[in-house]
Protein chains: 6
Amino acid sequence: MPNHNKIAIYPGSFDPITFGHLDIIRRASLLFDTVIVSVARNRQKKPLFDEHEREEMIRRCVSDLPGVEVDSFHGLLVDYARQKGAAAVIRGLRAVSDFEYEFQMALVNRKIDENLITVFLMTHDKYSYLNSTIVKELVSLGGDVGCFVPTHVKERLNEKLRKK
Amino acid sequence: MPNHNKIAIYPGSFDPITFGHLDIIRRASLLFDTVIVSVARNRQKKPLFDEHEREEMIRRCVSDLPGVEVDSFHGLLVDYARQKGAAAVIRGLRAVSDFEYEFQMALVNRKIDENLITVFLMTHDKYSYLNSTIVKELVSLGGDVGCFVPTHVKERLNEKLRKK
Amino acid sequence: MPNHNKIAIYPGSFDPITFGHLDIIRRASLLFDTVIVSVARNRQKKPLFDEHEREEMIRRCVSDLPGVEVDSFHGLLVDYARQKGAAAVIRGLRAVSDFEYEFQMALVNRKIDENLITVFLMTHDKYSYLNSTIVKELVSLGGDVGCFVPTHVKERLNEKLRKK
Amino acid sequence: MPNHNKIAIYPGSFDPITFGHLDIIRRASLLFDTVIVSVARNRQKKPLFDEHEREEMIRRCVSDLPGVEVDSFHGLLVDYARQKGAAAVIRGLRAVSDFEYEFQMALVNRKIDENLITVFLMTHDKYSYLNSTIVKELVSLGGDVGCFVPTHVKERLNEKLRKK
Amino acid sequence: MPNHNKIAIYPGSFDPITFGHLDIIRRASLLFDTVIVSVARNRQKKPLFDEHEREEMIRRCVSDLPGVEVDSFHGLLVDYARQKGAAAVIRGLRAVSDFEYEFQMALVNRKIDENLITVFLMTHDKYSYLNSTIVKELVSLGGDVGCFVPTHVKERLNEKLRKK
Amino acid sequence: MPNHNKIAIYPGSFDPITFGHLDIIRRASLLFDTVIVSVARNRQKKPLFDEHEREEMIRRCVSDLPGVEVDSFHGLLVDYARQKGAAAVIRGLRAVSDFEYEFQMALVNRKIDENLITVFLMTHDKYSYLNSTIVKELVSLGGDVGCFVPTHVKERLNEKLRKK
């Protein structure tokens, strides 16, 4: 019964993780036996948090969710997914602009590996406007992001962005 | 281990089923233990095929797909899903206009039942332009729809729409 | 000081009024001295509630909002606005598809009367998926719409749509 | 030199023709040797003007444009185009919602006949909000549509829609 | 009567101001008693004109509009609006892509301060394609932007971008 | 007979050329007597391939297409088009986001030169997800892009991006 341990990968920058991401992870964990939340290591982009910090913040958030693992990867997502034995890649959708980009990437990934299925989950409407870039911008302008990210993430953001 | 038999519902009009729907069903069957393809019985809309014809055409198409069942329902999708013990509702996405409507329905359903998860799968790019309405329009204009629907569906369409 | 009594018109079908509409009305009443919520009488469309029922339901909802009046109109919106001495027309925006249609109508109205200003307000994210059509569909399928419309509207919907 | 007489078809409902359509026709006539403006005869839709009226109104508008012919067709557009020896089908684009539908139809037509090329031209920004449905609605509400359609079309609209 | 002096803020980069911005400012000045056009001072972005130049160019454009003031701000827009006693924030909308971003920011701002109302005004169709980035690009390529910006702005652009 | 040699320009970055571009070029060559594929020399953007490399790669791809020339340009597209005697500018459309940007540029160009016509052609659905940026990203992550670009382009990409 090879189908019984269904593995899904939820890749992303998670720079840092927000309540919007956590909503997707919680829902994905109800659909799949194992959900691997995996930080994309991308040499070109300069993240605010390095991959170890990002992984650690995710780990603190998902420790009570059964079947959720945290990892990081570089290279092609389809290669990583194959190596992990994943049946699906999870992506969150919030708005039309997300949709276009995500659709394009899903089509490219399908072209490279016909067997990898991209599964789109909808972000809760109360997080529909939320992304990591906006959270960082708000912190750097002096805003309180306590309703967008967990407390320990908020503290890390304040440390990083309000030093000056 | 109640999670192990994961059931998903793929609701729709399927008036009639197309290769685009079949692509979604095949992929959904790789992710879930049971996929119930369920014809929506809607008194307001006047379908070309009645629900029995639509169910029968779907059955001929999915007979070789393990774990795929065919059914019909009326009333609220969330009530039907709860009654079937479904963890997820499957919807196919093709274009931005799909996305807006589907997103809206998924948010309404989430509002009514927080536990029901809508899962969006992407239609294969080669069927991205395809829907049942266009297929019916092509047939009624004298076009050959053999590359859009299975042969037995094409024959039923020709019978219905070219009688005059 | 002719500018001091700023009048805005919020036209719509309101068939029936929802919490989404009420959110827009409340916000508009903070920006303008007078807000006229005006039911469009359209001979072509067949509303569920006639204009008197729709006006009455709106009246019950806005009785505590200072400066909000309820009316109905037929003919061109720009003619009605001019006759009322309105400086602005209020429209709610929820999604991209709204935006396109609303933008088109606002451009047409601007072409007919350069002085009439269309003001777009954003529907609260928790009502972003909500419209009167979905509410009616949910009621006719047996759903509870108590989180989408006021109680007295819900009761009227149940009377109208569940008679059979 | 079979390529030298390039024929393009501009199909549509033209119920009735507007300044937006005329802008597209004029531009198309600069790109192609022959442009056939062709009224789609569609049994399902109930037009305001019958096909003879629509053709006649178009003829009055394009009489001074060299290489522009007026015709009507029924059945599949790709069959009609092939029969006319057309290299291209012209479609006007105004907004995102146009784009999605037009794109879908162009992909379907390409699937049926790989050699037929759909050419999209952009409507002038001053007509970006304009379509035949809005023009008819304005007339029926008592509006003056002299800036949207030629005088003879406006007169025909007034006759048809203000009789009652 | 605390509501009688209604203040609105129109924030932006204005790098530099265009006829599209001026159209929005003129319309906003008809709706609100005071409109504060406010240059966002953003350390991360590198503007072509510094904030003093940008404010000065705006001042020259709006000197004849009653109730219009020019200012600059840094930090959170909602904090600035509260400090100014503003009831509304004005944003111009041109296209679908604008809409998505603006909507997201308006939802974030509403989350931070429920009382601040974002008011969207539509840019005139003849400026629907216009933004400061395109104007700068045209100038640097040698184009004449006299139909997009006032003469004194055009001169400043030519000085800055054609020095080499 | 001034209309007989119809010239169209297909401008772009082509960094590098993909099968999506080639599909557009092939179709454009069926509509126009001469198609000039022209590499935009843009000092601001840092391309992976310099203009000579980009031109050379295009030349190898289009050598068998009659009437197709390869060139490069800098400055305003409308000036270049006028100088070449072009009647049209060709642009490929794939998705809604393309559409918005392309539409904006076409309106700007129309404003600058009313006589220059932008012609949009649709990219084949099997290349709808494809652009040069994604191709470069895939190569740098170790992916095989043989189904997205011609072999000689793939080799150049591997040389450039896998040196380290």
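How are H2(C) and H6(C) oriented to each other, roughly parallel or roughly antiparallel? This tour begins with that pair. The model is predicted, so that local features need pLDDT of at least 70 and side-chain atom pairs count only at pLDDT 80 or more, while totals for chains, interfaces and linings use all residues. Residues are numbered from 1 along each chain as its sequence is written, chains are lettered from A and ligands numbered from 1 in the order in which they are written, and side-chain values use heavy atoms, with hydrogens and water left out.

**Stop 1: two helices of chain C**

Select residues 51–62 of chain C, helix H2, together with residues 151–161 of chain C, helix H6. Helices (H or I, at least four residues) and strands (E, at least two) are DSSP runs, numbered from the N terminus. The two axes come within 10 Å and cross at roughly 155°. Axes are lines fitted to C-alpha atoms, for helices over the stretch in contact, and angles run from 0 to 180 degrees between N-to-C directions. H2(C) and H6(C) are therefore roughly antiparallel to each other (under 35 degrees counts as roughly parallel, over 145 as roughly antiparallel, 65 to 115 as roughly perpendicular and the rest as oblique).

Now display the side chains. C:Glu53, C:Glu56, C:Met57, C:Arg60 and C:Cys61 of H2(C) meet C:His152, C:Val153, C:Arg156 and C:Lys160 of H6(C), where contact means heavy atoms within 4.5 Å. By class, this contact has three nonpolar, one polar and five charged residues. Here Ala, Val, Leu, Ile, Met, Phe, Trp, Tyr, Cys and Pro count as nonpolar, Asp, Glu, Lys and Arg as charged, and the others, Gly among them, as polar.

**Stop 2: two helices of chain F**

Move to chain F and select helix H5 (residues 132–140) and helix H6 (residues 151–161), whose axes come within 9 Å and cross at roughly 60°. That angle makes H5(F) oblique to H6(F). The residues in contact are F:Val135, F:Lys136, F:Val139 and F:Ser140 from H5(F), and F:Leu157, F:Asn158 and F:Leu161 from H6(F). Sorted by class, the contact of H5(F) with H6(F) has four nonpolar, two polar and one charged residues.

**Stop 3: the neighbours of chain C**

Show chain E beside chain C: 32 residues of chain E are in contact with 32 residues of chain C. The area buried between chain E and chain C is about 3,000 Å², with carbon and sulfur atoms giving 63%; buried area is the accessible area (1.4 Å probe) that two parts lose on being put together, summed over both. Six salt bridges are counted between chain E and chain C, a salt bridge being a side-chain nitrogen of Lys or Arg within 4 Å of a carboxyl oxygen of Asp or Glu. To view a salt bridge, select E:Glu114 and C:Arg27, which meet at 3.8 Å, N to O.

Next, show chain D. Here 10 residues of chain C are in contact with 16 residues of chain D, and the buried area is about 1,200 Å², of which carbon and sulfur atoms give 63%. The interface of chain C and chain D has zero salt bridges. Chain C and chain F do not touch, and their nearest C-alpha atoms are 12 Å apart.

**Stop 4: a salt bridge within chain A**

Over all chains, the structure holds 97 salt bridges. Select A:Arg41 and A:Glu51, whose closest N and O atoms are 3.2 Å apart. A:Arg41 lies in the loop between strand S2 (34–40) and helix H2 (51–62) of chain A and A:Glu51 in helix H2 of chain A, so the pair ties together parts that are 10 residues apart in sequence.

**Stop 5: backbone details**

Most residues other than glycine have a negative phi, and most peptide bonds are trans. Select A:Phe14, where phi is near 50°, a positive value in a residue other than glycine. A:Phe14 is in the loop between strand S1 (7–12) and helix H1 (19–31) of chain A. In chain B, B:Asp15 and B:Pro16 are joined by a cis peptide bond, with omega about 5°. Finally, in chain C, a cis peptide bond joins C:Asp15 and C:Pro16, with omega about 5°; C:Pro16 lies in the loop between strand S1 (7–12) and helix H1 (19–31) of chain C.
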